[in-house]
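Come along while I look things up, one entry at a time.

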Amino acid sequence: MKYEAEVGRRRILGGIAVLGLGAAATGCTIQQGPAEVEARESGPSGQFIFGYGSLIQKESREETWPKAGKCFPVSVKGITRGWYDRVDTVSWGPTYLGAFPDRGATCNGVIFQVAQDELKVFADREKGYKLLRIPRRDITMLDGRSAPPPGNFWYFGSASRRYVSEEFPLVQSYVDVCVSGCLEVEEEFPASRTAKFAQKFFTGTTDWKTPWINDRIYPWRPFVHVPQANRIDTLIRDQLGEEMFRSISLPGAGALRDEDWSGFAGLAG
C-alpha cells in the first residue's frame, strides 16, 4: 500500500495479504480458530499471499518479491478493504489501503504462492500488522477454476483505521498502481473480466474520500507515464460518480472549476 520510499516495506502492504510464518518474532499475530484446523488439514502443500491493493499489479508484486510467481484472481469472503492505512513518516505520505476481518464483506484481489522462508521476509517487513489466516472455503477463484489450490492463505490486517486527511491524502499514483493491476488481471483472465474484476475493486473498497490529489507526472498528458490513464479515469468516474471525479485536484490547486475541465477532453471519456 505504500509507494517509493516504502516500496520495500509497504508496497507489500499496499493492499496485501500474506501467508504466515514466525509472526511472533515480527510483532504480527496469527489469528487462531477454525482456520488453523483447516490449515493443518490442507497440509504444507503451499503458502499463498492474498494481495488486495498494489500487489495486484505484476510490477509492484515483483518489486517487492522478484520470485512472487504467477498470480490468480480471487474473491474472498470475510475481509473489508478501505482507505485507512498509513505509514508514520517525517516526510509527506498518503493514505493507503488497509483491511480488517468482516464476515459481511467481500474483497477481490490475487493470490500468489511463496516459499516458507519468503513468508518470513514479508512478516518481518510488516511489523505492527496482524498476520491473519484466510479459510480456504472463503476463497472463490475468478480464473475459471472451481476451487483454490491446496495450501494456507494469509493477509496482513490493519492495526487501526486512520482515514484520509489533508496531511495524508488519497493520491492518484497509488490508485493507478492498484487499478492498473486490476486491468492486467482482466486482460489475462477472461473469467475475471466477466466477473467485472476492476469494477469490483471500486465497489469492494470503502472510504473513497477527498482530499484526493492527482500526483501523476505531467497530468495533462497522463498516458505518457500511465498508459492505462484513460481507462482508469473512466472507471473512477463511472464507479464513484462525476462529483468525486471532479473533486480530484492537482497538487496545491484545489478542486478544478468546471471551465478547467475543458483541458481533460478525451482523457477521461
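I count two residues as being in contact when they have heavy atoms within 4.5 Å. The model I am looking at is a predicted one.

**Entry: contacts.** I looked at contacts in the protein chain with a separation of 6 or more, and found that 80% of them are between residues 24 or more positions apart.

**Entry: the whole chain.** I noted eight helices and nine strands in the protein chain. I then checked burial: 57% of the 269 residues count as buried.

**Entry: strand pairing.** Which way do β1 and β3 run relative to each other, and how many bridges join them? I found that strand β1 (residues 47-51) and strand β3 (residues 96-114) run antiparallel, with five bridges between them. On this side I picked out F48, which has Q113 of β3 opposite it.

I next turned to strand β2 (residues 71-85), which also pairs with β3. These two run antiparallel as well, and 13 bridges join them. Here I marked P73, whose bridge partner in β3 is V110.

**Entry: helix α4.** I wanted to see how the length of α4 (residues 172-188) compares with expectation. With 17 residues at 1.5 Å a residue, the helix should span 24 Å, and I found its end C-alpha atoms 24 Å apart, so the two agree.

Is α4 enclosed or open? I found 14 of its 17 residues buried, so the rest of the structure largely encloses this helix. Buried here means under 20% relative accessible area.

How values were computed. Residues are numbered from 1 along each chain as its sequence is written. This is a predicted model: local features need pLDDT of at least 70, side-chain atom pairs count only at pLDDT 80 or more; totals for chains, interfaces and linings use all residues. Side-chain values use heavy atoms; hydrogens and water are left out. Helices (H or I, at least four residues) and strands (E, at least two) are DSSP runs, numbered from the N terminus. The expected span of a helix is 1.5 Å times one less than its number of residues. Buried means under 20% relative accessible area, exposed over 50%, partly exposed in between (1.4 Å probe, protein chains only). Two strands pair if DSSP finds at least two bridges between them.
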